[in-house]
Amino acid sequence: MPQASVAPNPVQPQAIPSASARIVILTGAGISQESGLETFRDPDGIWAKVRLEDVATPEAFARDPDRVHAFYNMRRARHRTSTVAPNAAHAALARLEREWPGDVLIITQNVDSLHERAGSTKLIHMHGVHSKARCNGCGHIVAWEGDMSTATVCESCSQAGGMRPHVVWFGEMPLDLDRIQEALVACDLFISIGTSGNVYPAAGFVGLVRKLGVAHTVEINLEPSRGATMFAEAHYGPASVTVPAYVAAILPARDNG
Ligand code: BV8
């Protein structure tokens, strides 16, 4: 019986991390693109259809809250459709967390819940999440799946008009920056997946890691990002192909003991 031919792995890592390596992974909208969610800066992306200054800043919310609520209600509804589900890239990162002997932490810029739905648990949503709402009045945070409006009443302070998506807008401080800084300083491998490298402070993480001079840096993206030259290694192609291939390529070394 001829040996079934095994297709060569399309991804050949330049460096296989040691078993104790602490891995930090930054993800952006590109990892969710094949799950049916639009990216931001691709030609057909979200910012090609609406100005971020009109829907993703505190000033926009103060100026026209109905417009901002309509924007996030539309995106929240999109996330609820049954066709939007984790893809092979999300699944591969959940596998890496399960099977890698060292620490694995995902820092995502995404506000979708696809990493959690794929099984990842070590996860920081630095730009918040669609699935929560926050009261501008008292700061109360609550799980939120449906539409929201200026008539929505806060269950804690009973005020209306102040409920907003629990996401980080431009000009607002991202979440968990202390934990993120600690993880970046301590990591041995920094992997950036599906992000264009346009938005700070996330786009600056690779520079911070490089300055420390310890960790290996890998970019996995559809095409070179704005920060491409900062990475020691890069693999380009759809995340649903490149991420599972990269994870499989660094894990077998473990399988052989
Ligand atoms: C901050 C909200 C202070 C939730 C988002 C002037 C005034 C005020 C601030 C600034 C300013 N100038 C600069 C700034 C800083 C600003 C900034 O960076 N602006 C940019 C536009 C220049 N940043 C901020 O305001 C941040 N806060 O700075 O606070 C501070 C902070 C730290 C310390 C001290 C002070 C807050 C930024 C957060 C803004 N909120 N989202 C929501 O609505 O979703 S940002 C938004 O962009 C999303 O979160 C998104 O995740 C993020 C980054 O975009 P990407 O994920 O990279 O998506 P993009 O479409 O760009 O790229 C997709 C990539 O995937 C592409 O490369 C593509 O090739 C690839 N791809 C596509 N398909 C695939 C694929 N790859 C693989 N496979 C595929 N199939």
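This is a predicted model: local features need pLDDT of at least 70, side-chain atom pairs count only at pLDDT 80 or more; totals for chains, interfaces and linings use all residues.
Staying with the ligand, a backbone N or O atom of A239 lies 2.9 Å from a ligand nitrogen, and for L222 a backbone N or O atom is 3.1 Å from a nitrogen atom of the ligand. On its own the ligand has 1500 Å² of accessible area, of which the protein covers 77%, as computed by the Shrake-Rupley method with a 1.4 Å probe. There are 37 residues around the ligand, and R41, R75, G171, T195 and S196 come nearest; a residue is counted here if one of its heavy atoms lies within 4 Å. By type, this shell divides into 17 nonpolar, 14 polar and six charged residues, with Gly counted among the polar ones.

Let me turn to the aromatic rings. The structure holds seven aromatic pairs, a pair being rings of Phe, Tyr or Trp (its six-membered ring) with centres within 6.5 Å, called stacked if the planes are under 30 degrees apart, edge-to-face if over 60 and tilted otherwise. W47 and F71 form a stacked pair, 6.1 Å centre to centre with 20° between the planes. Because W47 lies in the loop between β1 (23-27) and α1 (52-55) and F71 in helix α3 (residues 65-80), this pair ties together parts that are 24 residues apart in sequence. W47 is buried at a relative accessible area of 18%, and F71 is buried at 6%, where buried means under 20%.

F190 and F231 are also stacked, because their ring centres are 6.4 Å apart and their planes lie at 10°. This pair links distant parts of the chain, 41 residues apart, with F190 in strand β7 (residues 189-193) and F231 in the loop between β8 (216-221) and β9 (233-236). Both F190 and F231 are buried.

Finally, ring pairs link F40, W47, F61, F71, Y72, W169 and F170 into a cluster. Over the ring of W169 sits the charged end of R164, 3.7 Å from the ring centre, the criterion for Arg being CZ within 6 Å of that centre and within 35 degrees of the ring normal.

Methods
Residues are numbered from 1 along each chain as its sequence is written. Side-chain values use heavy atoms; hydrogens and water are left out. A polar contact is a pair of N or O atoms within 3.5 Å; within protein, one must be able to donate a hydrogen and the other to accept it, and residues adjacent in sequence count only if both atoms are side-chain atoms. Helices (H or I, at least four residues) and strands (E, at least two) are DSSP runs, numbered from the N terminus. Buried means under 20% relative accessible area, exposed over 50%, partly exposed in between (1.4 Å probe, protein chains only).
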